[in-house]
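Please read the following briefing alongside the sequence and the coordinates. It takes up the chain fold, the annotated regions, the interface and some individual residues.

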Protein chains: 2
Amino acid sequence: MSSTQEQQDRRPDTRERLVRSTQELLWERGYVGTSPKAILERAEVGQGSMYHHFAGKSDLALAAIRRTAEGMRETAEQCLSGPGTAYDRVAAYLQRERRVLRGCPIGRMTQDRDVVKDPELRRPVDEMFRWLQSRITEVLAEGQRRGELAAGLDPAATAAAVAAVVQGGYVLARAADDTAPFDAAVQGLLTLLAAQATPGTTTANDR
Amino acid sequence: MSSTQEQQDRRPDTRERLVRSTQELLWERGYVGTSPKAILERAEVGQGSMYHHFAGKSDLALAAIRRTAEGMRETAEQCLSGPGTAYDRVAAYLQRERRVLRGCPIGRMTQDRDVVKDPELRRPVDEMFRWLQSRITEVLAEGQRRGELAAGLDPAATAAAVAAVVQGGYVLARAADDTAPFDAAVQGLLTLLAAQATPGTTTANDR
């Protein structure tokens, strides 16, 4: 096999390159700031190929948003289904490694009027956050049943606060051009949550 | 005085109309989505007048962001310097009336690459959130000194969590096209914070 042939085999196909380039551009520039031209350039694809695979920018953005949401869901699930108590699992989600200053590629979409006003484009964003909140709710409710967390804790409201602290932490960090406010917000919430944990059930180094 | 003359007297002057129109457009469409043309149309002002008052879009956006940040600061200060305990004042800030689905006009700016990459445009956004976090920190620390809040509470980290819950609450609400996740996140945080309040010092209807 020639080395050019090998390169072609390793290179993702056209459709895949279009989706990945759109994922990156949406994260960096948002929907309104991403032109079809920029996508074609980054994907190194001609206009004809794009319209062969997708009806247009909106169709391609939908595929990209779905793919990004899928990835976020897998990462969150790994943390939330990990070892330890409910507190430990929520802490693992809050403290997982993030490129904080880049912000959340899915949360970012909610600031794009063209995305939130379009029911089809908004759907994967909505589904991702609904899933996240209901999954954290489950983890917290399970912790209550196991006696790890105070019975008075409201699992659904606490789960919404957990998801909001991450999304708002990104906003504060990007405003400051510094990850410190993100870390502080996470620590603030975890300290409040730790006070709801039954003594002896929380991993010491998280307190 | 003719009625036309009266109308002109009541109408804000050109510079003011430009700033207000830019404030609205930045909130609705963000920086990258706001064209000078759209500003001129909304302000009902000619291109010459705009360049008479401002060097360009970036200069005008700076004036608009500063104005919006000033307004937010005043509103937050009213809540945080209001009556009641530290918990009551933070609750007043979290529960103040907001047009949740429109999102935060200042938080929104952090999603615009052209704003966060420009030190001048980012500055008023950064200053607003720094001020907010330090003001909430003061209120919480004062509550601790007065014996209203547990000594173990970290005022600065908790303040970051409070600011983050509001900003992230907007993200979750816009994703859902429903204010419920915003309200849930605020309630979740307040319930956790109420658990840090010394019994008898927290207003009953907030618990």
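Predicted model: local features only at pLDDT ≥ 70, side-chain atom pairs only at ≥ 80, totals over all residues.

Residues are numbered from 1 along each chain as its sequence is written, chains are lettered from A and ligands numbered from 1 in the order in which they are written, and side-chain values use heavy atoms, with hydrogens and water left out. Chain A has 10 helices and 0 strands, and 44 of its residues are in contact with 44 residues of chain B, contact meaning heavy atoms within 4.5 Å.

**Fold of chain A**
- Along the sequence, chain A reads α-α-α-α-α-α-α-α-α-α, where helices (H or I, at least four residues) and strands (E, at least two) are DSSP runs numbered from the N terminus.
- Taken along the principal axes, the C-alpha atoms of chain A fill a box of roughly 60 × 45 × 30 Å.

**Regions annotated in UniProt**
- An unreviewed UniProt entry places the feature "domain: HTH tetR-type" at residues 12–72 of chain A; UniProt positions are given in the numbering used here, feature names are shortened, and annotations may be inferred rather than shown by experiment.
- Over residues 12–72, chain A is 77% helix and 0% strand, with the end C-alpha atoms 21 Å apart.
- The unreviewed entry in UniProt also lists a "DNA-binding region" at residues 35–54 of chain A, and over residues 35–54 the chain is 75% helix and 0% strand, with end C-alpha atoms 15 Å apart.

**Interface of chains A and B**
- Chain A and chain B bury about 3,700 Å² between them, 65% of it on carbon and sulfur atoms; buried area is the accessible area (1.4 Å probe) that two parts lose on being put together, summed over both.
- On the side of chain A, the residues that lose the most area to chain B are A:Q111, A:R174 and A:L192, which together account for 19% of what that side buries.
- Across this interface the rule finds 0 salt bridges, a salt bridge being a side-chain nitrogen of Lys or Arg within 4 Å of a carboxyl oxygen of Asp or Glu.
- The elements of chain A that give two or more residues to the side touching chain B are α2 (14–29), α7 (113–116), α8 (119–145), α9 (155–176) and α10 (180–194), and α9(A) gives the most, with 15 residues.

**Symmetry of the two copies**
- Chain A can be laid on chain B with an RMSD of 0.0 Å by a turn of 180 degrees and a shift of 0.0 Å along the axis, and the two copies are thus related as by a two-fold rotation axis; the superposition is by least squares on the C-alpha atoms of residues with pLDDT of at least 70 in both.
- In chain A, the C-alpha nearest the axis belongs to A:G168, 1.9 Å from it.
- Because 100% of the interface residues of chain A are also interface residues in chain B, the copies meet through the same surface.

**Individual residues**
- Over all chains the structure holds 26 salt bridges, one of which joins the side chains of B:E16 and B:R20 (2.7 Å, N to O).
- B:E16 and B:R20 are separated by about one helical turn, because they lie 4 residues apart in helix α2 (residues 14–29) of chain B.
- A:Q144 lies in helix α8 of chain A, and A:Q144 and A:P124 are 20 residues apart in sequence and 30 Å apart in space, C-alpha to C-alpha.
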